Amino acid sequence: MTAAPAPAPDTTAAAATGPLSGAATAVAAQRWSRRAGRARRATVAVLIWVASLTAAGAACEAAARLAPSGFVPPPSMVAAWIRATWLTGPPHHLYLNEDLLHHLGASVGRMLTGWTAAVILGISLGILLGRSPVARDFVNPLVQFGRSVPPVVLIPVYYLLFPDATIRHVVLIVTGAIWPVLLNTITGVRGIDPALLDTVRVLKVGPVRRLGGVLLPAAAPTILTGLRISLAIALLLTVVSEMFGATEGLGYALLDAQQHFDTTAMWAWIVPIAVLGNLGHAALNGLSRAGLARHGHPDPHQLER
Amino acid sequence: MLTLDTLAHTYRSRDRRRDHLALDGVKLTMSAGEMVCLVGPSGCGKTTLLRAVAGLLRPTGGTITLDGQPVTGVPDGVAMIAQNYANTLLPWRTTTANIAFGLRPQHLPRAERRERVAAALAAVGLADAGHKHPWQLSGGMQQRVAIARAIACRPRLLLADEPFASVDAQTRADLEDLLLRVQREHHMTVLLVTHDIDEAVYLGHRVAVLGPPPSSIIADLPIDLPADRDQISTRENPQFVALRTEVARLIRTSGQEATTRNAAAPQRTGA
């Protein structure tokens with residue numbers, strides 16, 4: 001937000017004895033150079049990112065060729081497999097083939113359904129617990145217990161409880177992904193200055209606007225951090241859950257390839273999972289930064305990436 | 001317009017013996033257009049009293065009456081300015097939007113709302129800062145936004161809780177004069193809490209002194225200084241000096257009495 005159209009500082013105003021356009025040009029030039037600086041930094045960051053990935057890929061390629069193993073194909077072979085198998089679809093499917101889209105769609109659908117449910121439940125419950133000390137006292141032991149249970153241990157339990165595979169996957173995702181949202185919402189709501197809540201009450205702001213206009217936006221930066229963590233958990237649980245009793249999804253396809261000793265395909269299935277994780281992380285990171293910038297955080301770009 | 005009658009408040013604790021009797025038998029009457037400053041030692045229940053008047057806290061004893069109506073919840077037409085003003089502004093809204101936020105519940109027509117926001121901004125000298133966010137402003141300017149938000153509501157009663165306690169001395173003097181001017185222009189009724197005796201005498205039409213807890217009002221002094229106050233000449237006025245000395249002495253003696261009383265009966269507890 002540093003690029004906000006700040007009024008010219010006093011020195012500029014004092015110097016503007018000549019034609020006005022001179023001062024305006026100076027300000028514009030300053031703004032341009034600031035923008036150029038940011039663009040340069042972004043370019044360098046992307047170059048470093050590409051260089052780092054290329055170096056790692058080259059190292060793997062060299063290792064796989066120098067010490068050949070049936071289980072670890074060179075990355076170029078996996079890339080060739082991906083091109084020959086998946087990139088065969090029509091243009092309106094982004095050139096992706098039916099098989100990949102089918103499993104990808106199943107996984108993304110489950111992940112987003114479970115994550116969205118976890119977010120809605122977590123935020124609602126979090127606001128309730130954040131605002132009510134009594135409710136917090138009662139529920140806190142349960143929360144502490146629940147979040148300490150690794151969600152994957154529930155897979156055998158859910159296997160018995162939910163015969164429908166999709167419901168089972170989604171419930172598992174919700175069970176694991178709800179905790180960071182819940183705990184961060186509680187922290188965010190409790191961190192709001194009581195003086196702000198007093199002021200808002202005295203202004204006679206109604207409960208709906210108090211929730212949507214004060215509580216949620218004030219806690220938003222903290223809640224967004226919770227959303228980011230919970231999305232990573234949602235992806236993890238999607239893939240793991242699909243390895244048990246599923247007939248579709250990225251986790252199923254990955255395990256299926258391994259069980260058919262198709263090691264190249266097995267490695268290839270890791271790629272869409274990684275891309276999915278990175279996309280989700282990047283999207284929520286952007287959202288987090290935008291949120292912090294709105295709150296006047298001095299430098300939201302310093303966030304861990 | 002505002003009457004506090006034998007107001008008392010006890011903060012209950014789980015251990016009954018640790019109950020804290022903050023206020024006991026507070027009596028205070030304010031008429032419309034009056035600025036009353038409430039001073040007292042720290043921890044004497046100044047903020048408790050203010051929150052009770054704002055309807056944010058239900059006192060355990062006594063009554064509060066505002067314009068003939070007993071205060072049981074947050075009353076209409078009250079505005080509050082807090083000490084930690086920076087935390088009471090919404091950082092994601094611009095200055096204009098922050099002030100307008102307080103007007104929405106009053107269901108005014110849009111044009112009237114806009115006009116009131118502009119007038120309030122002009123009154124605090126921030127006419128050009130409407131598009132900025134609170135974090136782009138200095139501490140003194142943020143407090144002016146908080147004042148503007150309060151006066152835009154045209155409150156019948158303005159409550160201020162140590163409003164200038166966390167700004168530097170020069171800004172503080174400016175804001176004191178700003179409040180005096182706004183109070184007179186809008187003929188506002190103001191109840192201002194402060195721990196600064198000079199500030200209380202400088203601003204108030206009356207100064208009410210709260211004793212140490214369990215607090216009651218131990219003195220209610222009219223301030224007969226000229227209505228036009230000036231940071232330099234008013235403060236060197238012998239009458240001002242005499243008044244501030246009197247208030248300071250009242251606070252000190254009440255504190256000493258409380259200490260000897262407590263020393264004589266160390267087991268003494270509030271309730």
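Into which domains is chain A divided?

Guide: This is a predicted model, in which local features need pLDDT of at least 70 and side-chain atom pairs count only at pLDDT 80 or more, while totals for chains, interfaces and linings use all residues. Residues are numbered from 1 along each chain as its sequence is written, with chains lettered from A and ligands numbered from 1 in the order in which they are written.

Chain A comprises domain 1 (10-66) and domain 2 (85-302), the bounds coming from an automatic or database domain assignment. Taken over C-alpha atoms, the centres of domain 1 and domain 2 of chain A are separated by 33 Å.

Chain A also touches chain B: 16 residues of chain A are in contact with 18 residues of chain B, contact being defined by C-beta atoms, placed from the backbone, that lie within 7 Å. On the side of chain A that touches chain B, helix 8 (194-202) and helix 9 (207-241) of chain A each supply at least two residues; helices (H or I, at least four residues) are DSSP runs, numbered from the N terminus. Helix 8 of chain A gives the most to this side, with 6 residues. By class, the side of chain A that touches chain B holds 7 nonpolar, 4 polar and 5 charged residues. Here Ala, Val, Leu, Ile, Met, Phe, Trp, Tyr, Cys and Pro count as nonpolar, Asp, Glu, Lys and Arg as charged, and the others, Gly among them, as polar.

Methods. Contact = placed C-beta atoms within 7 Å.
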